[in-house]
Every structure is written in structure tokens, then in C-alpha cells.
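Okay, thanks for making time, everyone.

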Amino acid sequence: MIRHFTSSAIVFNDEGHVLLVHYNKIDLWLYPGGHVDPNEDPAEAALREVHEETGIIADILGPQPFRHPAVRSIPSPFAIIEMDIEDRKVGPHRHIDFVYVCQATGGNLTTQAEEVGGAKWVPVEDLAALRTPAELPALIIEAARLIPQPA
């Protein structure tokens, strides 16, 4: 089975809402993400995908990675998940997805029309009303525990 590395970002705003995009190809709401490009680490890919698909600029949340002057450390993902993918061009394959939890820091909400049919901030309690992959609500609820709660 073919496997691709992808990176995604569960992005929260200051109100504790999560950023979701509607992917035209699969007709589902998901957090932003995509394939890791050559010469790109998973954290860079996640932040790039957020900006490309939504116009939002974000920072990765979580513990500081190991630091030493002899090496460059890459932030650890919140989760690494593997899933089956059906694609008309590639055929059936699997994605190994590095999922990061992020805080929005700037940008204006826009959509990348080729891939994304919409983008919006969604209250976590409203996730169940959207058409999403089965694991998405539970993953986002768990990720929300890492963000400071709005006042």
C-alpha cells in the first residue's frame, strides 16, 4: 500500500473556535492540511497549508522541543494518525498525518478556491452538526485541552 506523509493543523482563535475548511474533493469539513513538500519538515508544512488554504497565520502550541546548538529541533505534533484515502488520481493509499495544535496569530480568512469550498471558525460544541470524518470531533475536543480557555 502506498503511504504519503501529510501535516495538518487544528487552529484555534482567541474565542476558542476551531478553523475548519470544506474540501471540495471529499465533501467533508476538516482542519487545514496537506502533503509535506520536499525539503519541508512537518511543522513547516502544517503552517504553510493553514496559510495557503485559509489566509490565517498561526503558531504551533505545545511543549518546547529539545534544544541544542548542534541540531535543529522540529516541534512535536499533537498526534500522528494514519488513515485510508480514496483518490481518483493516485488510487487507494494511506496518509500518515502529523497533526499540530495551533493558535491563530493573524491573517484574514479567505479560501483557496481550487481545493477549498469554504472556511470558517466553528465553536467546538457545534462540530457534531457538520459532515466530518468520524474521528475529527474527538480529536479536536482533545486538542482543545491544550489551549488557554477564553475569558
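Let's start with charge: there are 11 positive and 22 negative side chains in the chain, and the centres of the two sets sit 4 Å apart. For that count, Lys and Arg are positive, Asp and Glu are negative, and His and the chain ends are left out. Each charge is placed at NZ of Lys, CZ of Arg, CG of Asp or CD of Glu.

Quick housekeeping. This is a predicted model, so local features need pLDDT of at least 70 and side-chain atom pairs pLDDT 80 or more, while totals for chains, interfaces and linings use all residues. Numbering runs from 1 along each chain as its sequence is written, and side-chain values use heavy atoms, without hydrogens or water.

Now the fold. We've got two helices and eight strands, taken as DSSP runs (H or I, at least four residues; E, at least two) and numbered from the N terminus. Along the sequence that reads β-β-β-β-α-β-β-β-β-α. The radius of gyration is 15 Å, close to the 15 Å from the globule rule for 151 residues, so the chain is as compact as a globular protein of that length. That radius is over C-alpha atoms, and the rule is 2.2 Å times the number of residues to the power 0.38.

How much of the chain is buried? Of the 151 residues, 46% are, where buried means under 20% relative accessible area, exposed over 50%, and partly exposed in between, with a 1.4 Å probe and protein chains only.

Next, helix H2, residues 136-144. Its buried residues are Leu136, Leu139, Ile140, Ala143 and Ala144. They cover an arc of only 135° around the axis, so they're on the same side of H2; the arc uses directions from the helix axis to the C-beta atoms. In general, an α-helix has 3.6 residues a turn, so residues three or four places apart point the same way. Covering that buried set we find, among others, E1, E2 (18-23), E3 (28-30), E6 (79-85) and E7 (93-107).

In E1, residues 3-12, look at Ser7. Ser7 is buried, at 0% relative accessible area. Beyond four places in sequence, its contacts (heavy atoms within 4.5 Å) include Gly33, Pro42, Asp97 and Tyr100.

Last stop: Leu146, in the segment after H2. Leu146 is partly exposed at 46%, and touches Phe78 and Val101, not counting residues up to four places away in sequence.
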